[in-house]
Amino acid sequence: MKNIGKLFIYSSLFFMVGSCTNLDEELKGDITKDISLPGISVGGGGGDSDILGAAYARLRSAGTANHGSYYSIQEITSDEMCIAAKGGDWFDGGILVDLHRHTYNASHDFVNNAWNGTYGGINTCNELLAGTAIDAGQRAQVRALRAYFYMRLLDLYGNVKIITQPNVDAPQSTRAQVFDFVEAELLGALGVSAVTAGMDLSASPLSAANNPVRINRFGALGLLSKLYLNAEVYAGKKMYDKAAIAAGLVIDSGVYSLCGTGCKVTNLGRRPAVASDPAELEGYAAVFAPNNQNNPEHVFVVFYDEATGADMNFSQMNLHYSSQFTWNFDAQPWNGYATLEEFYNSYENGDLRKKNNFIVGPQLDFGGSAVLDYASDDGNLILDYTPKINELVPNSKREAGARPSKFSFKQLGRPNMDNDYPIVRLGEMYLVRAEASARDAGDWSKAEADVNILRKRAGVANLTAMTADKFLSERGREMFQESARRTDLIRFGKYNGTWWEKPVSPAHVNIFPIPATQVTASNGSLKQNPGY
Amino acid sequence: MKSFLTKWSFSLFLLVIMSSSAFAQKTVSGVVTDAGNGEALIGANILVKGTDNGTITDIDGSYSLRASEGDVLILSYAGYADQEVVIGASNTYNVSMSGGKLLDEVVVVGYGSQKTKEITSAVVSVGREDFNKGPIADAAQLLQGKVAGLSSYNRGGDPNRPSVIRMRGISTIGANAEPLIVIDGIIGASLSNVDPADIETMDVLKDGSASAIYGTRGSAGVIIITTRKGSKKGGFNLSYNGQVGAQNVLRSVQIMDAGEFKAAGGTDLGANTDWLKEVTQTGLNRVHNLSAEGGSGNTSYRLSANVRNVDGILRTSGFDQFNTRLNFNTKALNDKLTIDFNSSFTNKTQNFSFNEALRYAVLYNPTAPVLGANSPFPFNGPQFGSYFETLGLFDSFNPVSIIDQNYNIGKVKEFNFGADFRYSILDNLSANFRVANQNNSFSSRAYYPSTSYFRGNATSPTRKGRADFYNNESNFKLYEGFLTYVQDMGKSNLNITGGYSFQQTNFSDVGFGLGDFPNNDIDFSNNIGVSQDFQNRGFLTGRSGASPDERIIAMFGRANYTFDDAIFVNASVRREGSTRFGEGNQWGIFPAFGVGVDVNKYANINNVDLFKVRLGYGVTGSLPPFNGLSQETRSIENGPDGSVTTRLLRAANRDLRWEEKQETNLGVDFKSGRLGASLDVYNRDVDGAILEVIVDAAVFGAERQWQNAADLNTRGLELSLDYDVIKNADVSYNTGIRFSTYKTTLSDYIREQDISGNLGAPGQNGTNMILVKKGEEIGQIWGPVFSGNITDKGEPIMTDLNGDGQIIAGADKWDDPKADMQVLGKGIPDFELGWVNSLDIKGWNINAFFRGAFGHSLVNEWRAFYEPRLSTQTSYNFVNTELAVPGLTTARYSSLYVEKADFFMLDNLTISRNIGSNKYLKNVNVALTGQNLFIITKYTGASPEPNLVDYGASDNGGVVDYSRGNALAPGIDRRSNYFSARTFTLGVNFNF
């Protein structure tokens, strides 16, 4: 009996221990709930002391100014930029050539990244809208921002799902339906039912104050003007009148002004030993400079900062490895993106935009000595960018191609640049009004006045006897590197045509395929775009 | 479960009533010898029948233990027939043992031990005498090739990278891909904290029915390590084991010398440098192991200290390790309480050096000078620490500068202890309580002075130098209790075990990096306060993390039933819960069942000593690889003015459930005279394999989520054959084959197919090579087929495989139905082979171990990037194999770079001589070992070993992340892999 007693004691001991079955997982090092804290804005400026930071930051992570996503598929599919394969370098399984020659398909990584990045932004907006932490003005802003994300999807993929609540699925919409949604949302954010001349925006929940890192009523109007400009492509509707009105409202608001003579910033890229480097950047160059914050031309921009706003990597993407020594960059560039020769040559030599937008010729380092490329393949160690690109693939020269530098570089720059990236800027509003008025009237001369305002700033003579082709060319010169060219070529019917090493492409490539992985993951709720 | 336990304890209770109590105990002792030659048998097992009370013989063959009159001692020794001795009035029992039935060895299984013949599952026991010889730093290498179905690969000779161990191939894609390590009953240990010299036996549980008792953590198999114990006989024994060895590069990448390079059109920088020679060395290894053991009466101890000093073949790489282990055993409370305590302490300093130096030694221009002073053009050498650098070239760093200017040193401290208390409540009922604690800390520091181009940013005029610091700590606690009940019912035996297990792991880490140091005068990692990064925002990098209290809680029970000493039945069940799942999905039940029949006992086939058939079925579970997957995690966005918001980083999956592995194993053990054989065939289904998959980004807001996304099926066969070719008094020679083969198929998947394994920069990003396709085998290398022709621009022309007149071979066309791509090879071998040989001639022993793997291929990255004579990158050296295609000037992935990597090698050859004893030293044994003596392969890369796990591409000074391997992308020989080494070692053992 003694043993039985022992057994009971031991058994019960086991059960005591056994009752410890707590398996709740309390994460210690991860954030599992939203944190939303407004900042404290001292002395105005900035003006982004709200809790919308994460939503706007999504513009950066959605590939606005880095390699492999939105920017890349907007730019190197067009006639203004390419990434040429340099022997072993930059072939990347042919996916870059595919973009330039329009032979991309549903498994293209960049097409996939742009989709995911954009929906990531939409999700953050939806989370904010589903919560209660924001006021009516902020709700309007977030709706407008979400509408802008959808505008990208509308432009890139056309037929997408309109998701308006986190984790709640919706059926795939047609491109026309997406267009209607974007229009309705932007109008809703503005607090109006339609864009009309002289409309009253005083009751708009969106602010009228100038704050380019947030969407105010002019930002929303600017987005609407760009939407209406493309309405014929997106939805088969001609809405050029509305596009012109919306752009005009921004131009005539009095809040913004073109950055011309006297509008200048310190040249942060200056090499003291190189006499030709100006001390200041003025006019057009100042709009895109590393210190372009609060430029009077900015209506709505994506905020970038080397430390707190990462993902603008143009110095890395565009420049040759050795150009590191011109600006003393913190990291070695990648020698990727270059401008097509024909596009570069479309600028007159006196055009101030040409000097700002491109880097060509022999390169000097900080001390004024020649920059060398020890692996040079042109028989000359000196790094010398040539506008001519000998071929797209396979053996483009290492130094071939004028390098995009519209968003100019600063000394000691980091891989992440500081330049704010315009989504809506006053200069483009002139172009929208010009084109919309001309298309509305069926008369391209209607575009001349607005176009010549911009040409004047660029230091070149007025354009006369305007045609669609001349306008497109001019628009290209002004809007270079602003992710506009693919959309423009489509609107002008040129995207499927030929240029340089680009053959004719079929019409279905005018919208990108829906990423194959997403079609599969959607369990049948996403149908692939026609032709893919 | 509670009701199960209640019933179970009630039946125990009934059984207890029927049992009787014990006699008074006394100490019995004796000497165990070989019946043939009368030599003492060292390490023979002596067990009091029906109990766990036992000991082993010491160096003189002596034993002593406590037993009672009427007890039966079971003596067993590998290669000898078991003997039973009944304890009578005498206190001394000398036993001579003769060769006979092998299968009476005792094998340690989960929460107990069994006689080999009672085993119904696939279990292999490898004793010390059968381990691989030589300077083995990693216990896994002791078993390499010894156990059919257990693969242990250490690609190359990196002394600081542990082997990749896989049991029966890919058992899971998530966590627990490596077998569970159990050291002296304490689960969850790491192989790195036991010195190979301290290991007595390693028991390998291969199949589900054996490992199910360990639950989750046993789902990839179990390796049970029993460390060497002291002798209980009074006395003291001190032994020494020392080794000194040297290793050299066995194989590297075939590249051009300066002359060939210039002739091939390379950029001439005027010098002639053999970069591989500059960065490699003859690595010396020194190992000293001193152990003391002794005991008296009920108490024994063994204390060992090991010092290892290993230098790698890469200059400055290696480690210094000090390890000590204590085993202490005693009995108390009238011998009813047995206490086993063991603890180990390890202090290791690792000099990781930089494997990148090997990579850049391969691709660096062979005409480049080492020093800037010898540059063909003006070069500011002092800026780069006097070294030359090819500035302006992507992914090119002077390898000598890398290893000579920088360092990357890690320090590991590990302290573990475990105690097992076993109390004999009754003769046939005992209770065990185990407690164990493992503490591990790691700290590393990497420093790149302001003159280092590699990661030190020496090109910058201002921000130069970098220091990275990292620390982590982990703690593992284990509490286990179980009861064991044994009932002898005459013709049948019953053994029941049941208990509870609680495991908790905590991990935390912190990392910190900064730079911008004034100059190179001192090592500024010792004075980081001067860093100007403190004055500039955005340069300091820091992170820290902590795991939740990660728990596994389990209740388990097992019954072993033996009938007629010929029919064996095992059944077990384990209910297990983990914190890694969300509410409602935390618990899983994992049963196992096995039956074995000694057919020969009934069939009595002529000349057959053993013919046993085993059938086992077991279910185990696998955990997701990370914590927190059932919860959403968010990242912070900080605004410039102090605003804070968050965004979704990963969508929660509250439905994530246990990944279940069901394995059926059929085995046959056979012995006839000199021939022994063991055959196992198995079928394994993994249901709901946990993978990170792409989800509808529109709905989830994040495109990836961890899901139970796939089912895997593995079928395999393993065969072990042993034959005593010669066996007489002077000469014995036995040889054995270990053969294994398996095939893993993705039987179900959430989509039709995927591709992974990106080739990388320069120029081959977005080029994924390994196909993941529903219904097909894992590890298929996918891509276009090179036709053998090139364009006039030096591009490879791919084959129009489908004959549609167009060649679609772009990397983004991999799933295009019109694509001209096909399977180019497979990353997983068709079969693996080990061939063991042992020859004894009058005190000499020659041990030769050959092994090979056949049928697998590797993508040779070296060739894929650097073999084409790149017209635009003529300052990289060219890889130069016989497979090179002249005129090819563009690098594009194709079948050209996928090579068959079958190999057969002499892995280990040891010649040892037992010199005997003299006045001062006893049992002196001297051994000479050569490792990786030769390798037969057509593969042109550094190592043809299968690469089972891919860690991705890295370039331009980037760091390879070894924390997340991809098991779905085997078959890629990365540029970050180490070269393989050949080692010669002289070892000596003796006792004082």
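**View 1. Chain A and its helices and strands.** Chain A has 20 helices and 10 strands; here a helix is a DSSP run of H or I with at least four residues, a strand is a run of E with at least two, and both are numbered from the N terminus. Its radius of gyration is 26 Å, close to the 24 Å that the globule rule gives for 532 residues, so chain A is as compact as a globular protein of that length. (That radius is taken over C-alpha atoms, and the rule is 2.2 Å times the number of residues to the power 0.38.) This is a predicted model: local features need pLDDT of at least 70 and side-chain atom pairs count only at pLDDT 80 or more, while totals for chains, interfaces and linings use all residues. Residues are numbered from 1 along each chain as its sequence is written, with chains lettered from A and ligands numbered from 1 in the order in which they are written.

**View 2. Inside chain A.** Of its 532 residues, 59% count as buried, meaning that 20 or more other C-beta atoms, placed from the backbone, lie within 10 Å of a residue's own. The C-alpha trace of chain A spans about 110 × 60 × 55 Å along its principal axes.

**View 3. An open sheet in chain B.** Four strands line up in the order 37-38-39-42, with antiparallel pairing; two strands pair if DSSP finds at least two bridges between them. Strand 37 (753-760) and strand 42 (821-826) of chain B sit at the edges with a single partner strand each, so one side of each has no neighbour in the sheet.

**View 4. Strands 39 and 42 of chain B.** Strand 39 (residues 780-784) pairs with strand 42 in the antiparallel sense over 5 bridges. Look for B:Ile781, which stands opposite B:Gly825 in strand 42.

Methods. A residue is buried if 20 or more other C-beta atoms lie within 10 Å of its own, exposed if 12 or fewer, and partly exposed in between; C-beta atoms are placed from the backbone.
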